[in-house]
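This report describes how two chains meet in a model, and begins with the confidence of the prediction before turning to the contact itself.

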Amino acid sequence: MRGRYDEIARRGAEVVAIGTGSVRHAAAFVADEQVPFPVLVDDDARAAKAASVRRIGFFRLLTDRRSRAGAKRARAAGHRTHKAGRRVNQLGATFVIGPGDVLRYEHLDEHSADHASLEDVLAALPAPAAD
Amino acid sequence: MDVRQLADLELPDSTGAPRRLGDFWAERPVILVFLRHFG
């Protein structure tokens with residue numbers, strides 16, 4: 001998402017990330033990774049519950065081949081986990097919302113290596129208003 | 001997923017300041033990403 005942030009901003013949209021952990025961990029993530037968009041902390045899972053973000057059993061988290069392969073790919077690409085947060089079994093999700101309370105797209109990850117297609121996310125953004 | 005319920009939630013940002021979620025998408029589209037972890 002960071003690699004396409006300029007394009008997203010040019011289209012009049014914003015990115016907001018929500019994670020688990022503490023404000024301190026979020027601040028370290030923003031500084032270390034030079035994250036250009038707002039990062040929020042949902043340590044009590046209120047937002048995750050409202051968004052129906054999935055959770056996964058620990059056994060499946062540890063044994064799912066797709067998750068293990070995804071973790072291996074991420075490590076090989078140089079990604080590292082700063083802090084797992086309180087709910088390591090919470091999966092990710094991606095939504096496109098707005099303007100207003102309009103849900104345009106949702107992808108609820110099915111396993112830890114499952115992510116929304118960036119092309120699908122960008123396609124869900126409304127066309128910029130004509131000048 | 002209930003967007004209005006989500007919109008009314010207030011969460012701290014990386015500076016600790018409270019941010020109402022609905023304010024982000026009131027006037028423009030937002031790509032909202034739930035991360036499994038920071039980093």
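## Confidence and conventions

Chain B has an average pLDDT of 94, and 97% of its residues score at least 70, pLDDT being the predictor's confidence in each residue, from 0 to 100. The model as a whole scores ipTM 0.95 and pTM 0.83.

This is a predicted model, in which local features need pLDDT of at least 70 and side-chain atom pairs count only at pLDDT 80 or more, while totals for chains, interfaces and linings use all residues. Residues are numbered from 1 along each chain as its sequence is written, and chains are lettered from A and ligands numbered from 1 in the order in which they are written.

## The contact between the chains

Chain A contributes 54 residues to the contact and chain B 33 residues, two residues being in contact if their C-beta atoms, placed from the backbone, lie within 7 Å. On the side of chain A that touches chain B, the elements giving two or more residues include α2 (23-33), β3 (93-97) and β4 (103-108), and α2(A) gives the most, with seven residues. Helices (H or I, at least four residues) and strands (E, at least two) are DSSP runs, numbered from the N terminus.

B:L32 touches A:V16, A:I18, A:F95 and A:I97, not counting residues up to four places away in sequence.
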